[in-house]
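Reader: I have a protein model to look at, and I would like to know what the terms used for it rest on. Please go through them with me.

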Amino acid sequence: MASLFYTAIKRSRICWLAVVIGFAALGSASSALGDDGKIATPSADAVLSVDGRQLRMTQRIDELLAAGQAKAGVTPVPLADDAEFLRRASLDLTGVVPRASEVRVFLADEQPDKRQALVDRLLASSRHSTHMATTWRNRILPSGADPSRARDAAALQKWLRTRFARNLRYDNLVGSLLLTNGGDEIGPALYYQSHGVAPEKVAASAAELFLGVKLQCAQCHDHPFADWSQREFWGLAAFFARTESPGAGMGMQTSYKLVDVPRGEVKIPESEEVVPPKYPRGEELSTDDGTTRRSQLVLWLTSRDNRYFSRAAVNWAWSHLFGEGLVDSLDDFDDTQELAANEQLLVELADYFVESKFNLQQLWRTLANTEAYQRSSDYEGDKPPARELFAVMLPKPLTPEQLYDSFMRLAPSPEQSYAAGRTPNEMAAMLDEDPNRVEFVRRMRPPPGEPTEYRAGTLQALMLMNGQTTSRVTGPQESRLLGAISAPFLSDAERIDALFLSTLARLPNEEERALFVETLSETKSDEERQQALSDSFWALLNSTEFAFNH
């Protein structure tokens, strides 16, 4: 009992300071290594050199944002230091915290272009395609779709990952998703299946995801706040009215198929009025020419002339990195009027995306090399300065997948390490199907809300503090990291440095180092010392700072 009480006191003391410091940092305010632990070197095919066009766009982004900030009388915060930028970019582009070895190398690097080189390596990492697949799967599936169709969800993840690994053009990615017939191509049909192949549900989802408009608000009546009519909503839904799933509802299917049938219409609710297919803000579909309605919709949707499509894409990409989009939605976007700085930026960035042939990696590279993305999250005062003008970088809480995958980088045993002699594809497949990960993500999934808001509740907090995943990673007898830093040739200060580098991707400040070292110095036996290191590790993983990408 005394030993447990001692542990609780020490753990509480360290955790309290870690949390307080984490809040101070946020309130005042896969990595470049390959999965095999070696530094990932981008191939010639995987990485685009920074050409003049990309450099000009990067500069143009900062120029337009600076103009908006100057007009509002806002002074942006300084750029983030190397440690803050490394952790942010690693989590945003690969979904995991960087390894301690990478942090040391990056902090010691004196090359002026090291941040640009880091972004290149992250985009070339197999972790990037895995993270993008996870991000997209969560984006395109309704909440709660995964638990009931775990097999198909894993197949969708694999389907997406192979396309992100090839850097498939964004228009082709969306087109192949919407045109899937399922069958042997397990995975993408889950998009339709999760919506019950209901034309109105698929139309509402596709409009928001790929056009950036909330057309579902016009399903039962004309849109109350935007210029969208009920007929326009059902005109879009009509494109999906001839898509069916044979055998749906007849028990478990080993292969979920979609077919396009010659007949099928939609009607205005509570009426017998049939609504023909009509492109949003466009014309009605002319007479059928032998091609399916879906294929004709995709041809229009992914056209380089469809400004809704390109603008919705870059607005989503911006929100992925910055926590919120350049505009809230495209419902009322009108580029015939004088545009604000953010709106002008959206227009020019979308045109740039089209000119790049819908190259997602080039878009990520362009955004990540801006000063705007590299700004610090630290600020003075109670509120961030002009968040809508991107004068400060808003911290984003880690997703359940990011938390679990980052924990597994500190996995306690080779059996739980995805790097144990396996190829990147094998590791990714294990990741998708790992029952511990599936359960962790299910229980840690927060309710819907803003990406910059910490939405996890008490149950999630208790799971992080006392759950099996955290216990396995930080257990004094199980943790490989604790075993490594217990080597006799390391000083206590070096041990604490290693814990900070592994979790927060930075070195501790003097106050933090002194507190943690003092805790170690007060131990009276090897067992107590190992427990104190475990408590320190646990405290950092449960700190506010670790929970965000700051």
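**Terms and values**

Author: This is a predicted model, in which local features need pLDDT of at least 70 and side-chain atom pairs count only at pLDDT 80 or more, while totals for chains, interfaces and linings use all residues. Residues are numbered from 1 along each chain as its sequence is written, and side-chain values use heavy atoms, with hydrogens and water left out.

Reader: Where is S356?

Author: S356 sits in the loop between α15 and α16. Helices are DSSP runs of H or I with at least four residues, numbered from the N terminus.

Reader: Why is S356 called buried?

Author: Buried means under 20% relative accessible area, exposed over 50%, and partly exposed in between (1.4 Å probe, protein chains only). S356 has 9%, so S356 is buried.

Reader: What makes K357 exposed?

Author: The relative accessibility of K357 is 54%, and therefore K357 counts as exposed. K357 also lies in the loop between α15 (341-355) and α16 (360-368).

Reader: Why does D497 count as buried?

Author: D497 has a relative accessible area of 14%, so D497 is buried. This residue belongs to helix α23 (residues 492-503). Its C-alpha atom is 6.4 Å from that of P508, 11 residues apart along the chain.

Reader: How much of the protein counts as buried?

Author: Of its 550 residues, 55% count as buried.

Reader: What is the distance between the side chain of S356 and the backbone nitrogen of N359?

Author: A polar atom of the S356 side chain lies 3.2 Å from that nitrogen.

Terms used:
Helix = DSSP H or I, 4+ residues; strand = E, 2+ residues; numbered from the N terminus. Polar contact = N/O pair within 3.5 Å; in protein donor to acceptor, adjacent residues only side chain to side chain.
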